[in-house]
Amino acid sequence: IYNIDGNAAALYAHDQLFGHDADRRSSVSAIVGTWLGGGVIEQGHVIRGVTGMAGELGHVHIPMDGLLADDQPVPACNCGFTGDAESVASLTGLECNLLPYWLTKYPDHPVAGLSSKDGARQIRSYGEAGDEMALRIFTQQAQAIGRLFTIAANFTDPDAYLVGGGVIEAEPHFRSWFLDAVCDATTLRAEQVEATQFALVSDLDMAGARGSALAALHAIRP
């Protein structure tokens, strides 16, 4: 049995957050990278599903009304879907959908002269510096994750919601801002607000590798 990288990172994040209580807790993680990975953990175990596709949160369709600007096209995902979470909250979604649109509104932005790939990779540094266009882009990504977590709240009702990946490999003030934006975009019932928490995945790009090691350790435990 193996875990994809998103599941592995989710397992590690869950274990780090809950420690000795991990086997009695549940969590949902969104891992923002080239694509949008993630994982669903229940009582300390990765939920894999019958074909191993459980936790593919990036391909969950989310409401786009109110997230997109009035003239912004519905984003397309490489999987063939339109309007799924990954089409917004991923490096690919940023490169193919968000950045091309927002550059029509900010044609003089410094990344306008770069390729879409290079521009997408540089935009986080502009977000850290408070750049207006970059913050609009990352607000949309945070809203997409919040809407994804809202859906998750109604079918898993987890103890915690975690955000990881490249989007949080940034200055502390930006990480905090992004997590707060995700929290603000997540609609929970009053009792869920009292019982749940939001957190960042620890150890950044090492979370997946450490989660794989943790899964192996779980597999050999008697």
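Reply: S26 sits in strand β1, which covers residues 26-32. Helices (H or I, at least four residues) and strands (E, at least two) are DSSP runs, numbered from the N terminus. The model is predicted: local features need pLDDT of at least 70, side-chain atom pairs count only at pLDDT 80 or more, and totals for chains, interfaces and linings use all residues. Residues are numbered from 1 along each chain as its sequence is written, and side-chain values use heavy atoms, with hydrogens and water left out.

S26 counts as buried because its relative accessibility is 6%. Buried means under 20% relative accessible area, exposed over 50%, and partly exposed in between (1.4 Å probe, protein chains only). Contact means heavy atoms within 4.5 Å. Leaving aside neighbours within four places in sequence, S26 touches H14, F18, I41, E42, Q43, D157, P158, D159 and A160.

Two of those partners deserve a look. Q43 lies in the loop between β2 and β3. Its phi is near 50°, a positive value in a residue other than glycine. At 48% relative accessibility, Q43 counts as partly exposed. D157 lies in the loop between α4 and β4. D157 also is not a glycine, yet has a positive phi of about 50°. Its relative accessible area is 46%, so D157 is partly exposed.

Now the interior. A nonpolar core is a set of buried Ala, Val, Leu, Ile, Met, Phe, Trp, Tyr and Cys residues joined through side-chain atoms within 4.5 Å. The largest such core has 46 residues. Those with the most contacts inside it are I123, M133, I137, I145, F149, V163 and F178. Two or more residues come from each of β1, β2 (36-42), α2, α3 (116-128), α4 (132-155), β4 (160-165) and α5 (172-185). The largest share, eleven residues, comes from α4. A second, separate core of nine residues includes A9, A13, A22 and L162.

Next, a helix pair. Two packed helices are described by the angle between their axes and the distance between the axes. The axes of α4 and α5 come within 7 Å and cross at roughly 45°. That makes α4 oblique to α5. Axes are lines fitted to C-alpha atoms, for helices over the stretch in contact, with angles from 0 to 180 degrees between N-to-C directions. Angles under 35 degrees count as roughly parallel, over 145 as roughly antiparallel, 65 to 115 as roughly perpendicular and the rest as oblique. From α4, the contact uses L135, F138, T139, Q141, A142, Q143, I145, G146, R147, F149 and T150. From α5 come F174, W177, F178, A181, V182 and A185.

P73 is placed between β3 (45-46) and α2 (91-105). At 55% relative accessibility, P73 counts as exposed. Beyond its neighbours within four places in sequence, P73 contacts L68 and Y101.

Finally, the whole chain. There are seven helices and five strands. Buried residues make up 49% of the 222 residues.
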